[in-house]
Amino acid sequence: IQSLGIIVLAAVVLAVAGLYLPVRQSLEVDLLRVGVELYRSRRHAAELERQVPQLEDEIAKLGHSVEKLAGQFASAFSNELYIAVNPGSNRLYLRRGQQELLAALISTGTNDTLRSGKRRWVFDTPRGVMTVLRKKKDPVWLKPDWAFLEAGDSVPPRDSPLRVERGVLGAYMLDLGGGVMIHGTPHEDKLGRSVSHGCIRVGSADLQVLYDSVAVGTRVYIF
């Protein structure tokens with residue numbers, strides 16, 4: 001029986017082969033290759049159909065996990081005032097739990113790099129959890145070395161009066177440590193853009209709300 005099957009299969013192959021070459025030449029299409037590709041595509045589609053229920057289960061599980069984590073995150077701050085900063089969208093939010101008290105347009109770091117000899121500065125707004133360490137009215141900016149180098153000026157001594165610059169930080173400042181501050185800006189037309197050297201620039205009206213509402217020790221989440 002097996003021998004008969006082989007003979008029949010060989011006969012079919014020969015018959016098809018006799019038709020295959022003329023058809024391929026006339027249509028300029030490799031029917032055998034098209035057939036193989038069609039067969040593979042159907043197998044792949046069938047495999048994907050078998051995987052869909054499993055993927056739906058995984059998506060449902062992930063969605064449940066996200067909802068659970070979101071609930072845990074919100075409940076962790078149910079009675080706590082905190083600041084959330086999104087450098088990607090240049091937005092700042094003042095919240096108490098899920099209640100939004102303020103949504104502000106801000107400017108954050110450019111992520112540019114400045115090099116001078118072996119020294120290097122990256123002007124990014126750091127991600128993570130920070131804390132308001134101190135608050136100050138009418139803050140004075142003590143210009144760091146990079147400010148002079150960026151302007152093409154020579155770097156003065158640390159006690160030089162050239163380092164003291166007033167008015168550029170706005171009316172108020174919230175110090176987060178590490179050289180990162182939430183402060184005002186004379187360039188409110190650039191809010192919503194990543195143009196700072198790492199600090200968080202806020203418009204005067206929103207800065208007033210932050211200064212009046214936020215106490216030292218308030219947590220700041222930069223994500």
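A nonpolar core is a set of buried Ala, Val, Leu, Ile, Met, Phe, Trp, Tyr and Cys residues joined through side-chain atoms within 4.5 Å; buried means under 20% relative accessible area, with a 1.4 Å probe and protein chains only. The model here is predicted, so local features need pLDDT of at least 70 and side-chain atom pairs count only at pLDDT 80 or more, while totals for chains, interfaces and linings use all residues. Residues are numbered from 1 along each chain as its sequence is written, and side-chain values use heavy atoms, leaving out hydrogens and water.

**Exercise 1. Find the residues that touch the most other members of the largest nonpolar core, and the elements that supply it.**

Step 1. This core has 23 residues, and Ile83, Val85, Leu92, Leu176, Ile182, Ile200 and Leu210 touch the most other members.

Step 2. Elements are DSSP runs numbered from the N terminus: helices are H or I with at least four residues, strands E with at least two. Those giving two or more residues to the core include β1 (81-86), β2 (91-96), β10 (172-177) and α4 (204-213).

Step 3. Now a separate set: a second core of ten residues includes Trp121, Phe123, Leu169 and Met173.

Step 4. Back to Ile200, setting aside neighbours within four places in sequence: its contacts (heavy atoms within 4.5 Å) include Val85, Leu92, Leu176, Ile182 and Ile222.

**Exercise 2. Is Met173 buried or exposed, and which residues does Met173 contact?**

Step 1. Met173 counts as buried because its relative accessibility is 2%.

Step 2. Beyond neighbours within four places in sequence, Met173 is in contact with Arg134, Lys135, Lys136, Pro139, Met181, Ile182 and His183.

Step 3. Check one distance: Lys137 lies 36 residues from Met173 in sequence, yet their C-alpha atoms are 6.5 Å apart.

**Exercise 3. Describe how β4 and β5 are joined.**

Step 1. Strands β4 (residues 112-116) and β5 (residues 119-123) run antiparallel, with five bridges between them.

Definitions and conventions:
Pairing = 2+ DSSP bridges. Buried < 20%, exposed > 50% of the residue type's maximum accessible area, 1.4 Å probe, protein only.
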